[in-house]
Each structure stands twice: as structure tokens, then as C-alpha cells.
Amino acid sequence: MSDPRHLLHVFPTFCAAGAQVRTVTLMRAFGDRFQHTVVACDGITDAAAIAGGVSLKLVPWEPRSGPLSGVRTAAELLRRLRPDLLCTYNWGSMDAVLAARAGGFARHVHHEDGFNADEAEGLKARRNWTRRVSLRRTDMIVPSAKLETIARGTWRLPRVLLVPNGVDAGRYARVAEAGARFRTDRVVPADAFVVGVVGHLRPVKRFDRFLRAFAGAPWPEDVTPHALVVGDGGERAALEALADSLGVGVTFTGHIEDLAGAYSAMDVFSLSSDSEQQPVSLLEALAASTPVAATDVGD
């Protein structure tokens, strides 16, 4: 048996969010055909906790001081690790993209999954130009038709492949008993009308918008509304404080791996983001036959 191929993944963050969870799922599916090294530029590596059974090594990102320190750090990693393939993800991995381009490292696939809060209202001209120049000879994978249009039109990139996100529909099939157990375990009233959100708690997801809309909804007198926030992240404390100030009934679950019960426990799934492309949580909710109320973003 031949030695496994070595993939180096450079993420802006390796938190347990959509792109990271998708990557871990693919790692698990590929089995021992590959070994994986992951670099998280912000030092957050929560997604490694769900990578059980995967040959995965975490390498710290330690840029030196001085101009182009990130690019030089990425170049050193490429020289030292000598991967069979470099995989970069989103704008936050651009130092590694530039290092690969400058060093003539051609075995490179770049992934774009969407935009953070700083580009939710519009793309930045400098970033458009940088992508156009640095990625024109690189294969790019995108999950949405809207992002494919941006990559081909705005960034003028010729090597773009649309691979839509997908979920195992059977895994999320709605089961009333599973939803009831989830409510019991999480102390959610059995007779409540539950509206839930799922995702990494960061500003672009606008879970504050969700809580305010939930609190301001004209609920009928015979309905007991309850909000369910599934996920974790840096915004959690602020969101908990907001929920207290609004006086809404809400359960914060933190990060959970098995989401099937959560979707079965919801009467409505909400997506409140400022920016998305093809969100996995939305696909999971649809697979669970859970009605969706969403902002008009992405695909």
C-alpha cells in the first residue's frame, strides 16, 4: 500500500463552523488515503474535536514581525512540510496563497465559502484585485452559484468549480420522538412553539437580529414561544445578555455534534445572516422538513 498523500489546510479559523465541519467530514470519508495538517491563523482549533479517527495534526501559526510576515511564515511552512497539496480557505488564508504563488507551488486548491461582516454589504476593491492577480492560475472551489458568478465575473478567474454543499438527508429526517427527547434534555417546554437558529456565534450571522425579531413578533395569546440558539462562539455572552434584556424565553445549547434532534425539536428554523452562500444549516433544516424563515442572502 502506498503512503498516504499529505494535505496542508490553511484556515483563517478552524472553529466548528460550516466550511470547517464540511472539511472534517470529507477527511473522515477519505479515510487513510490522506494525512492532514491544519493551520488556523487565529489559533482557534475547535473543529479538531470533531475529527475523531482522522489523521490530523495541528501546526501553530507563528508569524514573525516585519513586512509580509504572514507570507514568509506560510513560505516556511511549505518548505518544511512539503505537502502533496495545499488547500487554502477564504480571504483570511491569503498569506498562504501569496506564498504559494511567489514560490511557484502549483499543487494548490483554494476554497471560497463567502464573506465575513466586513464584506457583507459590498466587496472591497483591494481584495478583488488581490484575488484576481494571485488566484488566476489556481483551481478554486465554491459552493454557490452566486459565488461562482463573482469569481468568474468580478475576480475574472478562469479555473472555478462549483461544488454545491450537501448533507445526508437521511441523517436529519424528522423524528418526533427525537425532538421530544431533545426538548426534555435541554429543558425546553414540551408545548412551546420553538424557533431555532444553528451556527457559529459570530457577528455576520446576526443572531442579535433573530432575538430582536423573535421578541417583537406578535405571538397569539395561546402560544408559548421559545427561542433555541444552537452553537457557540465569541458572541455568546453578548447574545445571552441581549436575550435577558429582551425578556425572551431562550435556550443556548452551546456546540453540539448531533443536530438531528435539534431540528426535530424546532417548529421553525431561522437564518438571520447578513451574508451566506449556501449554508449547511439551511440544508439540514430542509432535510428535517422544518419550515424556514431566512434573510435573502446567497443562493
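The radius of gyration used here is taken over C-alpha atoms, and the rule for a globule is 2.2 Å times the number of residues to the power 0.38.

**View 1. Overall dimensions of the predicted protein chain.** With 299 residues, a compact globule would have a radius of gyration near 19 Å, and the 21 Å of the protein chain agrees with this. Along its principal axes the C-alpha trace spans about 65 × 45 × 35 Å. The protein chain holds 10 helices and 12 strands, where helices (H or I, at least four residues) and strands (E, at least two) are DSSP runs numbered from the N terminus. Residues are numbered from 1 along each chain as its sequence is written, and side-chain values use heavy atoms, without hydrogens and water. Because the model is predicted, local features need pLDDT of at least 70 and side-chain atom pairs count only at pLDDT 80 or more, whereas totals for chains, interfaces and linings use all residues.

**View 2. The open sheet of seven strands.** Its order is β3-β2-β1-β4-β5-β6-β7, with parallel pairing, two strands being paired if DSSP finds at least two bridges between them. At the edges stand β3 (56-58) and β7 (160-162), each with a single partner strand, so one side of each lacks a neighbour in the sheet. Strands β4 (residues 85-89) and β5 (residues 108-111) are joined in the parallel sense over four bridges, and the bridge partner of Tyr89 is His111 in β5. Helix α2 (residues 69-81) lies across β1 (5-11), β2 (34-40) and β4, running at about 165° to β1; axes are lines fitted to C-alpha atoms, for helices over the stretch in contact (heavy atoms within 4.5 Å), and angles run from 0 to 180 degrees between N-to-C directions.

**View 3. The open sheet of five strands.** The strand order is β10-β9-β8-β11-β12, with parallel pairing, and the edge strands β10 (250-254) and β12 (292-294) each pair on one side only. Strand β9 (residues 225-230) pairs with β10 over four bridges in the parallel sense, with Val229 opposite Phe252 in β10. Helix α7 (residues 207-216) packs on the sheet, touching β8 (193-198), β9, β10 and β11 (268-271), and its direction makes about 170° with that of β9.

**View 4. The packing of α7 and α8.** The axes of α7 and helix α8 (residues 236-246) come within 10 Å and cross at roughly 15°; the two helices are therefore roughly parallel to each other, a term for angles under 35 degrees. The contact is made by Phe207, Asp208, Leu211, Arg212 and Ala215 of α7 and by Leu239, Leu242, Ala243 and Leu246 of α8.

Methods. Parallel < 35°, antiparallel > 145°, perpendicular 65-115°, else oblique.
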